[in-house]
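Trainee: Hi! Could you walk me through this structure, starting with the aromatic rings?
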Amino acid sequence: MTKALARDAAVIWCDRGWQPVYFGFCPSRKAWSREMRKMGCKEPYPGSDGCATTFTKKDGKVCIIVTLGKAQNAEGRTRVEIAGLLCHEATHIWQEVRKVMGEKEPSIEFEAYAMQAIFQGLYQAWLDTTAPDEMLARGAKREAA
């Protein structure tokens, strides 16, 4: 019988839909170390309050992992502040998506839908793994691991 992973022990890869870039949320240093081993990288865990680290794998696939560093545990942070950090990092993901696609002037609706999808994926991953219970929406319940 295998032991279930702690909810913050692995990178949560978001649904990228049509986007040519893989992106995920890393909820802890432990998850970062685990993912670096899987990817064969030795990149240190980012120390800033928000970071979108880009990797290009040997097969040419672009992967971006978002961390919240010191803001990770959300102590002293509001849900709005966390959302702001994730929105900021989502913008960096969108910038990389545009670069990979060679898209210089996307339509405003295309850009808005892309940003919405990226942010929602990151925010849901944060809620599912790291958000303290008191930050969840009223009535939301976590599933037992």
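Predicted model: local features only at pLDDT ≥ 70, side-chain atom pairs only at ≥ 80, totals over all residues.

Trainee: Thanks! How many aromatic pairs does the structure hold?
Mentor: There are six aromatic pairs. In one of them, the ring centres of Trp18 and Phe110 are 5.1 Å apart with planes at 35°, so this pair is tilted.

Trainee: Where do Trp18 and Phe110 lie?
Mentor: Trp18 is in the loop between β1 (12–13) and β2 (21–25), and Phe110 is in helix α3 (residues 108–129), so the pair ties together parts 92 residues apart in sequence. Helices (H or I, at least four residues) and strands (E, at least two) are DSSP runs, numbered from the N terminus.

Trainee: And what kind of pair do Trp94 and Phe110 form?
Mentor: Trp94 and Phe110 form an edge-to-face pair, 5.5 Å centre to centre with 80° between the planes.

Trainee: Is Trp94 buried or exposed?
Mentor: Trp94 counts as buried, at 2% relative accessibility. Buried means under 20% relative accessible area, exposed over 50%, and partly exposed in between (1.4 Å probe, protein chains only). Trp18, at 47%, counts as partly exposed, and so does Phe110, at 26%.

Trainee: New topic: which residues are buried in helix α1?
Mentor: In α1 (residues 29–39), the buried ones are Ala31, Trp32, Glu35, Met36 and Met39. Seen down the axis of α1, they fall within an arc of 135°, so they line one face of the helix. That arc is the one of the directions from the helix axis to the C-beta atoms.

Trainee: What does the face turned away from the buried side carry?
Mentor: That face of α1 carries the exposed residues Lys30, Arg37 and Lys38.

Trainee: Last one: what follows α1?
Mentor: Gly40 follows α1, and its phi is positive, near 70°.

Note on methods. Residues numbered from 1 in each chain as written. Heavy atoms only, no water. Phe/Tyr/Trp six-rings, centres within 6.5 Å; stacked < 30°, edge-to-face > 60°.
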